[in-house]
Amino acid sequence: MIKLKFINHASYIVETDNSILLHDPWYEGNAFNNGWSLLSKDICNQDIINYLLNSNKSINIWISHEHSDHFSVPFIKALKTARLDCLFFFHNTTDKRVLKFLKANNFRVIECIEGKEYKLEDNFFLSTYYYAGGDSFCFLRTNAKNILNINDCVIRDEKQAHSVLSRLPKHASIDILFTQYGYANWIGRPEDILLRKKSAEEKFSRMLIQNNTFNPKMIIPFASFVYFCKEDNFYLNDEQNTPEKLRRSQALLDIQEKINFMKPNQEVLLDNNLLKNLQHKTVEAESYWNNLEREVKQLDKSKLSKVSESLSEDELIKLGAKYISSVRHQTIGFVSIFELIGIFKLKPINFHIYDLNINLNLSYITGITSNDSQDADLSIHSSELAFVLKNEFGWNTLSVSGAFRSIREDVNGVSAFFRWQDAIKNGFSFNHPIHIIRVVSRFIYKNIFT
């Protein structure tokens with residue numbers, strides 16, 4: 001028999017008599033530079049490692065993407081310490097960061113070919129598929145049930161859903177769909193409550209589109225069992241989706257019976273009684289998650305994650321100068337030209353560093369400079385800005401954690417400025433000149449000649 005065991009957040013196990021396939025491990029500690037915390041803290045890394053060790057089975061681990069709520073470095077380090085033999089599955093990326101990290105820690109890794117089925121054992125096949133933004137989804141085909149896991153993949157309309165469906169094995173039915181159901185990034189200022197309500201409701205609309213396209217027999221919402229845990233981002237929890245909200249959703253009214261939640265350590269067999277057993281377990285699971293959500297709303301702010309120590313203005317200026325120089329170098333100066341002529345919506349960004357009470361302007365043309373302007377794009381702690389400037393995933397992390405304040409209800413200008421962090425990771429670099437020429441040519445053709 002094949003067993004499904006839910007662990008936490010985006011992680012679960014599919015287990016046969018001989019093999020285990022673990023998905024997206026994150027069980028303790030915070031994610032996104034301490035900006036997210038797990039709702040449930042009932043399970044720790046050692047619990048899962050002990051489970052894997054005691055199984056005496058072949059251990060396989062699939063990682064959907066590099067975000068720290070799906071790829072937990074402390075868990076990987078704990079696996080290494082335990083000397084557990086594991087085979088990792090991860091999609092092909094330009095930067096090879098995850099691949100290199102896993103190999104450096106002496107793990108076996110398969111860099112997955114798009115759509116290829118990997119045999120874990122007889123009647124147990126895994127295939128993976130790249131998605132936008134460095135994400136991926138996977139399809140598990142077994143002789144019992146088939147499972148589609150789209151985790152954080154943004155599938156917001158029928159066209160995107162059909163694109164996903166067209167890439168799956170032909171004529172394969174979907175028994176279980178695992179999908180995210182809550183918003184997972186910065187959504188507006190504290191006063192932009194309606195913006196967060198709209199974003200929360202849109203997640204239910206996405207789920208309906210996915211249901212209508214994929215036609216799964218069952219849907220298990222997951223990958224949303226977290227809360228924003230810093231003082232600067234705690235307000236973002238106010239309109240977050242919960243199982244209770246999902247049950248009241250008008251958009252999902254007609255498919256309520258097929259939607260079922262699971263809580264940590266709940267197990268079901270993938271047999272003919274699966275839906276009935278899920279419906280039985282969801283009552284306890286929904287109560288569990290709803291209670292944790294209510295506890296978060298009442299959380300004393302003294303228990304929130306603390307910001308790191310402040311950096312000096314000189315330290316920030318050095319980091320800013322290094323960041324600007326690096327991006328200029330990697331893009332062969334293109335980024336300065338883009339800012340000069342204003343394409344890709346690129347313009348300088350003004351930061352108010354509230355713990356130092358200073359303003360810093362960042363530009364790919366003039367570098368980083370102090371100024372007295374009161375019109376800051378973001379108000380931010382010095383340690384958060386330092387994190388963005390130090391790491392090539394810096395803005396990506398901060399835009400998810402939301403640990404800042406904006407003067408506008410969107411941060412599109414800041415995202416446009418820092419998009420070059422992701423662009424360089426994905427090949428827009430002097431190391432890949434042909435890719436640069438291709439991207440620039442496509443832009444010119446699309447925006448000038450058509």
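Lys96 lies in the loop that runs between β6 and α3 (97-104), where helices (H or I, at least four residues) and strands (E, at least two) are DSSP runs, numbered from the N terminus. The model is a predicted one, in which local features need pLDDT of at least 70 and side-chain atom pairs count only at pLDDT 80 or more, while totals for chains, interfaces and linings use all residues. Residues are numbered from 1 along each chain as its sequence is written, and side-chain values use heavy atoms, with hydrogens and water left out.

The phi of Lys96 is near 60 degrees, a positive value in a residue other than glycine. Most residues other than glycine have a negative phi. With a relative accessible area of 23%, Lys96 is partly exposed; the term covers values between the limits for buried, under 20% relative accessible area, and exposed, over 50% (1.4 Å probe, protein chains only). Asn106, which is found in the loop between α3 and β7, also is not a glycine and has a positive phi of about 70 degrees. Asn106 is exposed, its relative accessible area being 66%.

In which order do the strands of the seven-stranded open sheet follow one another? The order is β7-β6-β5-β3-β2-β1-β15, and the pairing is mixed, two strands being counted as a pair if DSSP finds at least two bridges between them. β7 (108-112) and β15 (267-269) are the edge strands, each of which pairs on one side only. On average, neighbouring strands of this sheet are turned by 20 degrees against each other, direction ignored. Within the sheet, strand β5 (residues 58-62) and strand β6 (residues 86-91) run parallel and are joined by four bridges, and Ile61 stands opposite Phe88 in β6. Helix α1 (residues 45-55) packs on the sheet and touches β1 (3-8), β2 (11-15), β3 (19-23), β5 and β15, its direction making about 160 degrees with that of β3; contact here means heavy atoms within 4.5 Å. Helix α7 (residues 274-297) packs on the sheet as well, touching β1 and β15, and its direction makes about 170 degrees with that of β15. For such angles, axes are lines fitted to C-alpha atoms, for helices over the stretch in contact, and the values run from 0 to 180 degrees between N-to-C directions.

Strand β8 (residues 118-121) and strand β9 (residues 124-130) run antiparallel and are joined by three bridges, with Lys119 opposite Phe125 in β9. These two strands form a hairpin with two residues between them, and Asn123 in the turn has a positive phi of about 60 degrees. Another hairpin joins β10 to β11 through three residues; strand β10 (residues 136-142) and β11 pair in the antiparallel sense over four bridges, and Cys138 stands opposite Asn149 in β11. β11 and β12 pair in the parallel sense over three bridges, with Ile147 standing opposite Ile176 in β12. In a regular strand the side chains alternate between the two faces of the sheet. In strand β11 (residues 146-149), Asn146 and Leu148 point one way and Ile147 and Asn149 the other way, and all are buried.

The loop between β12 (176-180) and α5 (193-214) holds Ala184, which is buried with a relative accessible area of 16%. Leaving aside its neighbours within four places in sequence, Ala184 is in contact with Trp36 and Val400.

The buried residues of α10 pack against α8, β16 (349-353), β17 (358-363), β19 (378-380), α11 (394-401) and α12 (412-425). The axes of helix α8 (residues 313-330) and helix α10 (residues 382-390) come within 9 Å and cross at roughly 25 degrees. The two helices α8 and α10 are therefore roughly parallel to each other, a term for angles under 35 degrees. In their contact, Leu316, Leu319, Gly320 and Tyr323 in α8 meet Ser382, Leu385, Ala386, Leu389 and Lys390 in α10. The residues of this contact of α8 with α10 divide into six nonpolar, two polar and one charged; Ala, Val, Leu, Ile, Met, Phe, Trp, Tyr, Cys and Pro count as nonpolar, Asp, Glu, Lys and Arg as charged, and the others, Gly among them, as polar.

Note on methods
Angles under 35 degrees count as roughly parallel, over 145 as roughly antiparallel, 65 to 115 as roughly perpendicular and the rest as oblique.
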